[in-house]
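Colleague: Before I build anything on this model, I would like a close look at one part of it, the aromatic rings. Please describe how they pair and what lies around them, with the cut-offs behind each term.

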Amino acid sequence: MTDGEWELVEPYLPLGVSGPIPDLRSYFNAVMWRFRTGSPWRDVPESYGSWSTVYDRFRMWARDGVFQALMDGMIAEAAARDDVDLSLVSVDSTVARAHHHAAGMVVDPELLDDLEKAVTEEKGLQQRGKTTP
């Protein structure tokens, strides 16, 4: 993270009870490293400090809404600079998976024919603006 980027982030990170947190930038970089790589917390490089301390700091920040405030602040800053790119916004990333028993389901051929006829009939009614009760 460059010094300019850090200047944008730092105001949103909390102070410690007795003043500035030592290595605040290092903790933040460690959290960003973990999410950028998708690695487990235990794999956070030792150069960032103890993985458990980094994890504890992350949990505290998440609980206290630090990341939400940071996100809101970055969006406001980008809007003020007229530099908002909404192509990166994800509205819904839900995934619905079928039960593993649904794979390869065997249907009686007569039942399948009846279902296909019903679907075809329903589509025809919908196209003509009619629906079944």
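Modeller: Accessible areas come from the Shrake-Rupley method with a 1.4 Å probe, and for residues only the protein chains shown count as cover; on that basis the protein exposes about 10,700 Å², of which carbon and sulfur atoms supply 54%. This is a predicted model, in which local features need pLDDT of at least 70 and side-chain atom pairs count only at pLDDT 80 or more, while totals for chains, interfaces and linings use all residues. Residues are numbered from 1 along each chain as its sequence is written, and side-chain values use heavy atoms, with hydrogens and water left out.

Of its 133 residues, 20% count as buried, where buried means under 20% relative accessible area, exposed over 50% and partly exposed in between (1.4 Å probe, protein chains only). Among contacts (heavy atoms within 4.5 Å) between residues at least 6 apart in sequence, 41% join residues at least 24 apart.

Turning to the rings themselves, a search of the whole structure finds 8 aromatic pairs. Rings of Phe, Tyr and Trp (its six-membered ring) pair if their centres lie within 6.5 Å, and planes under 30 degrees apart count as stacked, over 60 as edge-to-face and the rest as tilted. The pair of W41 and F58 is tilted, because the ring centres are 5.1 Å apart and the planes stand at 35°. This pair links distant parts of the chain, since W41 sits in the loop between α2 and α3 (51-63) and F58 in helix α3, 17 residues apart. Both W41 and F58 are buried.

A second pair, W61 with F67, is edge-to-face, with 6.0 Å from centre to centre and 75° between the planes. Here the two partners can be set side by side: W61 is buried at a relative accessible area of 1%, and F67 is partly exposed at 22%. Beyond these two examples, ring pairs link W6, F28, F35, W41, Y55, F58, W61 and F67 into a cluster.

Two rings of that cluster, F28 and F67, also belong to the lining of the second largest pocket. A pocket is an open set of points on a 1 Å grid over the protein atoms alone, where a 1.4 Å probe fits and protein lies on both sides within 12 Å along at least five of seven lines; lining residues have an atom within 4 Å of a point. Helices α2 (24-37) and α4 (66-80) each supply at least two lining residues, and α4 gives the most, with 4. By class, the lining has 8 nonpolar, no polar and no charged residues, with Ala, Val, Leu, Ile, Met, Phe, Trp, Tyr, Cys and Pro counted as nonpolar, Asp, Glu, Lys and Arg as charged, and the others, Gly among them, as polar.
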